[in-house]
Amino acid sequence: MLPSSQMLSQGQFNPALLETIADADRAADIVRRDLGWLLASFIAVFNEDLDHVLVTQLGDYAKAWYDGNPWTLPGGTVFETECSSDGVLRELQEETGIRFEEGTLRPAGWFPRPYHKPFNRDRAGELIVLFAALGHPDDPALRPAPPETLGCAFYPYSAKSFIAVPARGTGEHPLQPLPRHWAYWAEVGRQVLEDQTKHPLVHCYQAATEMPIPPWEAVECPREFLPLSVMPPRQILSPTEPSASMHQ
């Protein structure tokens with residue numbers, strides 16, 4: 001039996017309850033239905049060796065937030081008529097051309113943001129569901145979809161290298177800007193794919209200042225992210241924070 005919408009929206013439940021895609025979809029529907037929250041879903045797609053991850057570069061509609069066209073994981077807003085897994089599969093195909101079946105997905109992360117008011121909504125509240133899957137860098141369907149996505153590629157991945165990418169501006173790195181939370185969420189997906197017994201990471205973001213900070217507890221945080229977990233948020237926070245619904 002799934003927890004109440006309040007417990008789900010605060011991340012106060014056993015992550016084992018999200019073991020299957022159907023469980024994650026039902027839980028997300030409860031939050032959307034009972035609380036009227038926006039639902040968004042994203043996906044960390046890795047190659048079989050888990051050393052390349054699929055990233056997309058957003059179009060000019062997202063440029064002002066980060067002084068450059070940000071790189072992210074594929075995904076975006078889930079339509080009212082969709083469940084979270086259907087939404088992420090649609091977004092994946094729209095943004096990158098890659099088509100997956102539902103059975104290839106694994107629930108990886110559950111990230112409520114009760115404080116956040118999406119720009120196109122009257123009420124606060126956004127739930128982000130993260131999925132993970134294995135894909136092929138040589139997939140012939142891989143292509144961007146301008147003007148929504150200007151680029152997409154399987155990029156060499158390590159936690160250390162992704163966290164080193166500047167979160168704002170352009171010019172210093174091919175993936176710049178890469179907002180901090182995408183580096184963390186890519187690692188969340190990688191861990192779930194690496195360890196089939198691992199449950200999804202559940203983390204409630206209580207304020208915008210928490211987005212650039214690793215979502216793990218200190219005892220679980222990958223060592224590459226530990227320095228950031230104790231940094232004052234004002235030192236690493238982007239001055240503005242867009243909604244996940246920027247991915248249309």
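These are my notebook entries on a few things I looked up in this structure.

**Ground rules.** I am working with a predicted model, where local features need pLDDT of at least 70, side-chain atom pairs count only at pLDDT 80 or more, and totals for chains, interfaces and linings use all residues. Residues are numbered from 1 along each chain as its sequence is written, and side-chain values use heavy atoms, with hydrogens and water left out.

**Strand β1.** I began with β1, residues 38–46; strands here are DSSP runs of E with at least two residues, and helices are runs of H or I with at least four, numbered from the N terminus. I found 9 of its 9 residues buried, where buried means under 20% relative accessible area, exposed over 50% and partly exposed in between (1.4 Å probe, protein chains only). In a regular strand the side chains alternate between the two faces of the sheet. For β1, I noted L38, A40, F42, A44 and F46 on one side and L39, S41, I43 and V45 on the other, all buried.

**Its neighbours.** Two strands pair if DSSP finds at least two bridges between them. β1 runs parallel to β6, joined by 9 bridges, and V45 has A133 as its bridge partner there. With β4 (residues 75–77), β1 pairs in the antiparallel sense over 3 bridges; here S41 stands opposite G76.

**Aromatic rings.** I counted 12 aromatic pairs, taking rings of Phe, Tyr and Trp (its six-membered ring) as paired if their centres lie within 6.5 Å, with planes under 30 degrees apart as stacked, over 60 as edge-to-face and the rest as tilted. F46 and Y157 are edge-to-face, 5.3 Å centre to centre with 85° between the planes. This pair links β1 to the loop between β7 (149–156) and α5 (159–163), across 111 residues. F46 is buried because its relative accessible area is 0%; Y157 is buried too, at 8%. W216 and F225 are stacked, at 5.5 Å and 20°, and both are buried. I also saw ring pairs link F42, F111, W182, W185 and Y205 into a cluster.

**A loop residue.** Is N120 buried, exposed or partly exposed? N120 counts as partly exposed because its relative accessibility is 46%. I found N120 in the loop between β5 (106–113) and β6 (126–134). From N120 to T209 I noted 89 residues in sequence and 21 Å in space, C-alpha to C-alpha.
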